[in-house]
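Here are some notes on the model, as requested. They take the sheet, then the helices, then the pocket.

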Amino acid sequence: MHESEIGQPDDLYFMNLALEQSLLAYREGEVPVGAIAVYQNNVIAEAYNQIEQLKDAMAHAEMLVLKKAEDAVGDWRLNDVTVYVTKEPCSMCAGAMVNCRLGKVVFGIRDKKYGAAGGAINITNLNGSLHNVVTVGGILETECLEIFQRFFKDLRSRKK
């Protein structure tokens, strides 16, 4: 386990747990995005993309983990929660993070085309917004990207 200098689990440790969730998505044939929610250094929720399985365009890993975190905390306000996700949130997920007052989001893969936490746009930190989410990107980016690329390579080879 990776730990910070004060002995608490750090971003690498938690991102590895999110990577485990992304592998579950991969095995289910879902785009391999995984997420976990952490409160007081404890994992309180975990999820992976389930769009195909649930036939729900909103079943992104982030949306699912936010709902589970709200249930675990007993409130829609997640000010003291950190979400770790293997890919930069899209605009829907970033907007949900702002709306639930998420404390922090840590992600792996940066998405310059569709990312909404600083990639293409920055919904998590809009000027004048009611709430800004602390955002850290690029954690275990290589490992997250490797799973993502392998998934799409496998998908292309199955279509041939």
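This is a predicted model: local features need pLDDT of at least 70, side-chain atom pairs count only at pLDDT 80 or more; totals for chains, interfaces and linings use all residues.

1. Two strands are taken to pair if DSSP finds at least two bridges between them.

2. Strands β1 and β2 pair in the antiparallel sense, over 6 bridges. Within this pairing, V38 has V43 of β2 as its bridge partner. The hairpin of β1 and β2 has 2 residues between the strands, and Q40 takes a positive phi there, near 50°.

3. How many bridges join β1 and β3? Strand β1 (residues 34–39) pairs with strand β3 (residues 81–87) over 5 bridges, in the antiparallel sense. The bridge partner of I36 in β3 is Y84.

4. Two packed helices are described by the angle between their axes and the distance between the axes. For helix α1 (residues 11–27) and helix α5 (residues 141–159), the axes come within 10 Å and cross at roughly 5°. Angles under 35 degrees count as roughly parallel, and α1 and α5 are therefore roughly parallel to each other. On the α1 side the contact is made by M15, L19, S22, L23 and Y26; on the α5 side it is made by E143, C144, I147, R150, F151 and D154. By class, the contact of α1 with α5 has 7 nonpolar, 1 polar and 3 charged residues.

5. Which residues line the largest pocket? The lining consists of V31, V33, N49, I51, H60, E62, K87, E88, P89, C90 and F148. By class, the lining of the largest pocket has 6 nonpolar, 2 polar and 3 charged residues. About 160 Å³ of space lies in this pocket.

Note on methods
Residues are numbered from 1 along each chain as its sequence is written. Side-chain values use heavy atoms; hydrogens and water are left out. Axes are lines fitted to C-alpha atoms, for helices over the stretch in contact, and angles run from 0 to 180 degrees between N-to-C directions. Helices (H or I, at least four residues) and strands (E, at least two) are DSSP runs, numbered from the N terminus. Angles under 35 degrees count as roughly parallel, over 145 as roughly antiparallel, 65 to 115 as roughly perpendicular and the rest as oblique. Contact means heavy atoms within 4.5 Å. Ala, Val, Leu, Ile, Met, Phe, Trp, Tyr, Cys and Pro count as nonpolar, Asp, Glu, Lys and Arg as charged, and the others, Gly among them, as polar. On a 1 Å grid over the protein atoms alone, a cavity is a set of points where a 1.4 Å probe fits but cannot get out, and a pocket is an open set with protein on both sides within 12 Å along at least five of seven lines; lining residues have an atom within 4 Å of a point. Grid points are joined across faces, edges and corners, and a volume is the space filled by probe spheres set on the points.
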